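Me: I'm new to reading protein structures. Could you walk me through one, a feature at a time?

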Amino acid sequence: MKRFQLGEFEEIVLLTVGVLHGNAYGVTIKDEIEQRLNREVTVGSLQVTLRRLESKGFLKSTPGDSNESRRGRPKLFFEVTAYGKKALDYCKESRDELWNALPQLVLNLK
Amino acid sequence: MKSAEPPRFILRFLEWFCKPEYHADIEGDLLEIYDRRAADQGRTRANLLLCKDVLFLFRPGIIRSANIHQPIPSNGMIKNYFMMGWRNLWKNKLYSTLNVLGLTFGMVCFLLIGLYVYDELNFDSQHSKAESIYRVITHEKSPNNEATTVAAAGYMVAEECKQTFPNVEQATRMQRIGRANLVDPENPVNVQEAITVADEYLLQVFDFPLLEGDQRTALKEPNSIVITEDLAMRIFGRTDVINKNLQFSHMDNPVKITAILKNHPQNSSFTFTSVLSESTRYSNKEFMREARSDWASQNYTVYALLKPDANADSVSNEITRLVHANASLEPGTKLSYSLQPLKDVHLKSDGIIDGARNSNVEPVPQGNPIYVTLFSFTAILVLLIAGINYSNLTTARASSRLKEIGVRKVVGAVRSNLIGQFLVESFITMVIAFGVAVLIVAVLLPSFNEFVNKKFSLFSSVGLGFWAAAAGLIIAMGLLSGGYVALLLSYFKPVSLLKGQVLRSGSDFSVRKALVVLQFTISTVMIIGTIVLFRQVRFLNESNLGFNKDLMVVIDVNVVKARSNFDWVKKEMSKIAAVEQVSVTSHVPGDWKTLVRVKLKKQGGGHQLHTAYVIGADKDFLATYGIKLLKGRNFPNENDTSAILINEAAARILGITHGSNEAVEIPQSARGSSFAPVYDDINASFKPRVVGIVKDFHFQSLRAKIEPLIIAYHDNPIYPIDYYSVKIQPQNIQATLGKLKAVMVANEEREPFEYHFLDEQLARFYMEDQRSQTILGWVALASVVIACLGLFGLATYSAQQRLKEIGVRKVLGANLLSIMALLSKDFVKLVLIACCFGFPVAWFGANRWLQEYAYHIDVEWWIFALAGVITTGIALLTVSYQAIKAALMTPVKTLKLE
């Protein structure tokens with residue numbers, strides 16, 4: 001099976017784009033992550049990650065219409081590609097596998 | 001609701017660095033967030049956060065690559081630039097020639113003057129340790145507050161400072177003891193030479209290159225002598241004369257040649273041709289006794305070689321303390337020492353007396369820093385004019401190229417492409433001009449050398465540094481003048497270019513006008529400077545000096561018998577038909593050697609001592625030189641050593657009005673810088689009587705005021721006779737000289753017969769001025785020519801621009817003159833404005849320079865008028881050619897063109 005390289009933040013962004021299904025562009029993605037995960041996201045890191053995921057083929061983008069609310073600037077909508085879905089699956093499976101292999105004893109520690 | 005505006009600069013910044021394909025939506029995101037924040041948190045905070053966001057966006061994934069805007073690979077374009085540049089030069093031959101000519105003129109002037117200035121600034125740089133070599137300067141203030149600054153010090157200063165002070169690595173002393181006859185015993189021909197005595201360290205401190213011999217030992221042994229190739233050639237006719245013997249006329253023992261020096265380079269402050277070892281004198285007990293106690297005298301030129309990191313000021317303070325600790329000074333005398341860097345000796349010795357030499361040895365020739373500065377300025381100004389010229393012509397010509405630029409822009413050239421193209425074009429022009437300039441300099445160099453009395457050769461006499469600097473300056477000039485054109489022409493929008501609408505922009509034209517004004521201002525200043533210099537030099541050479549200098553042969557007294565037997569010599573000379581008068585003197589008016597000075601006072605006239613110069617002369621002096629006797633009488637016929645004549649200036653300070661045997665006292669005299677008693681007995685004075693008063697005459701250069709002068713009888717205790725002055729008739733001068741020589745040789749067969757003409761000798765005072773005048777004259781000419789080339793180009797352009805207007809005017813009945821006036825008016829106006837700027841500058845500069853002379857011309861109004869008329873006239877001539885051409889054009893032709 002092919003191995004997918006996915007960083008932690010990349011995974012979060014990819015998932016969020018999936019969550020926002022159809023309404024995922026810069027601002028909404030940022031808001032969603034900030035609300036759900038309670039962490040600060042800068043436009044810079046988000047944009048870099050989005051572009052990187054796009055160049056890896058996990059995301060694809062379609063420009064939206066420009067409208068008044070953004071002073072005439074267009075939105076760029078993202079959605080998860082099939083390849084991106086595969087990457088997410090791989091990610092989850094590999095985590096699950098690790099979880100299952102974890103001895104009970106370790107989880108009971110504390 | 002009107003939303004808050006984000007700061008524009010930060011969005012501009014984003015636009016600048018962000019990849020263009022990302023930019024629009026990222027900016028959209030930022031603005032959306034910004035608006036929300038502005039509503040929630042207020043505008044200031046929103047601004048701040050926006051800045052932060054943009055800064056965080058400045059990272060590799062987002063920043064665009066640097067060359068994204070370079071659609072055409074530049075290396076391919078460079079070839080194209082060259083080709084286009086070359087074609088453009090060929091297409092407009094007139095303009096190209098004007099451009100190249102102007103630049104060439106400027107560069108030739110710049111290179112020639114540059115050679116001269118470089119040489120002056122690099123005096124004495126041949127010595128590898130030149131940076132650490134210093135000349136010891138004595139500053140003395142006598143009890144009656146007379147300050148002297150002499151480049152000399154005592155024997156023990158050199159001896160002691162290298163042993164006592166850790167910062168002094170080595171020290172050497174030398175003494176120019178006077179002129180003597182040097183003879184090759186095998187082939188006795190007298191050669192009169194100035195003899196230098198120096199200790200053995202001279203050749204170690206300095207790097208005088210030796211042809212033969214060892215620099216460590218050459219001056220060690222007694223009776224050793226080091227001579228230059230040139231002197232060897234004169235005495236022996238060859239240079240392989242090491243270990244041969246020479247005989248001095250005044251010494252018993254022969255001296256051995258231990259080394260042959262290469263001739264001094266032209267930029268050396270050292271001119272000696274022979275150096276006798278100081279150890280020759282060590283066997284003389286009297287000399288050694290005096291030397292051992294000699295701390296504060298000014299008998300030696302001392303050079304100190306300091307350690308590389310030593311501080312010259314602290315060393316000179318130590319020397320001052322050392323001398324004060326050891327010397328027994330006359331009470332009230334103040335003495336201090338300073339160290340002058342070797343590289344300052346040539347240009348920065350103004351006010352420092354060249355000490356430690358016999359008064360019959362010529363002082364070291366000094367450079368004039370004023371002229372060096374003046375020349376540097378003119379060289380740069382001329383280059384500036386040439387650069388301006390280039391910019392002016394090229395921008396003026398640009399109208400014909402606007403379409404080309406427009407098409408280039410439309411096809412896809414960005415600004416940097418166009419700038420590159422114009423820069424390459426200007427560099428092609430510069431390089432051609434530079435090549436031609438170097439060729440012209442090579443051709444002109446021999447006559448230039450003769451003229452400035454130097455020996456430049458194009459590549460060997462100046463180092464790589466000079467050429468690097470020249471090339472650098474020319475590149476800078478190319479960048480500046482080409483850059484202005486490039487920036488200006490690449491600025492226009494393509495649409496307006498293709499419509500042919502530009503170059504109406506007023507700013508461009510006024511810049512060009514300002515440049516023309518600047519050019520002509522410089523030219524005017526130079527023309528005025530040349531006229532003033534020319535008139536001053538003529539004034540110096542032709543003004544009445546108060547004595548007759550023409551047809552005066554001055555013969556040096558070089559052998560003992562020529563002095564003792566002068567009565568006979570005079571009588572024999574008078575017998576020659578062409579000789580009008582003969583006189584013997586100690587010095588001649590306008591003498592280039594140091595004149596003797598004395599301290600004197602009127603007997604019974606208080607205690608204050610005055611200083612006066614002394615010339616010893618016989619009774620024929622006044623008649624020979626045509627000096628007017630105002631009061632009293634001439635010297636009596638019989639020997640009367642106590643009679644003196646004084647000039648008006650001396651009469652004034654002494655308060656003598658009649659010249660009827662008033663007695664004066666002369667206790668002290670000075671041959672060099674320091675005064676010493678006239679007689680061995682300190683309390684005795686020379687007590688002569690004033691028998692007459694003569695009219696003031698210029699016995700020194702016209703730079704100095706006429707000082708008090710005493711004409712003592714030739715048989716005086718202060719200075720013996722040293723010259724015969726022979727007034728001859730203008731016919732057949734060579735034959736007369738031959739007869740004079742015959743008399744001298746008949747008197748003493750070893751007579752070398754050295755003579756010169758007094759007027760030529762006097763002209764040497766002003767040689768530097770004469771030289772500057774000529775250089776400045778040529779540079780002024782060049783600058784006017786260059787400025788006119790520029791004007792010619794501009795006139796051509798403006799005539800072309802107005803062809804149609806002229807056609808219409810002619811059809812409506814305008815005549816030739818009115819059209820010429822129309823075209824010339826603008827340019828003449830510019831030249832007149834330039835005159836207004838140039839006049840005050842020139843007036844100020846000329847007056848400053850003339851202050852150097854005690855006797856000088858006045859800067860009169862007509863000089864300015866003349867300069868104004870010259871510049872305007874030349875400008876008018878230049879412009880009128882084009883104006884006439886345009887005015888003579890058939891109107892049908894110009895109007896038909898569309």
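Me: What percentage of the residues in chain B are buried?

Reply: Keep in mind that this is a predicted model. In chain B, 41% of the 898 residues are buried. The chain has 27 helices and 23 strands. Of the contacts in chain B between residues at least 6 apart in sequence, 82% join residues at least 24 apart.

Me: How do I read two helices packed together? Say, at what angle do α5 and α23 of chain B pack?

Reply: For a packed pair, you give the angle between the axes and the distance between them. Here, α5 (residues 93-121) and α23 (residues 767-801) of chain B pack at about 160°, and their axes are 10 Å apart. Angles over 145 degrees count as roughly antiparallel, so α5(B) is roughly antiparallel to α23(B). Their crossing is left-handed.

Me: Which residues make that contact?

Reply: On the α5(B) side you'll find, among them, B:L98, B:L101 and B:F105. From α23(B) come residues including B:V785, B:I786 and B:L789. By class, the contact of α5(B) with α23(B) has 11 nonpolar residues, four polar and no charged.

Me: Now for the two chains. How many residues of chain A are in contact with chain B?

Reply: Look at each side in turn: 16 residues of chain A are in contact with 17 of chain B. On the chain A side, α2 (26-37), α3 (43-56) and β2 (74-80) each give two or more residues. The largest share, seven residues, comes from α3(A). This side of chain A has five nonpolar, five polar and six charged residues.

Methods:
Residues numbered from 1 in each chain as written. Chains lettered and ligands numbered in written order. Predicted model: local features only at pLDDT ≥ 70, side-chain atom pairs only at ≥ 80, totals over all residues. Contact = placed C-beta atoms within 7 Å. Helix = DSSP H or I, 4+ residues; strand = E, 2+ residues; numbered from the N terminus. Nonpolar A, V, L, I, M, F, W, Y, C, P; charged D, E, K, R; others polar. Buried ≥ 20, exposed ≤ 12 C-beta atoms within 10 Å, placed from the backbone. Axes fitted to C-alpha atoms, helices over the stretch in contact; angles between N-to-C directions. Parallel < 35°, antiparallel > 145°, perpendicular 65-115°, else oblique. Left-handed = near helix turned anticlockwise from the far one by under 90°.
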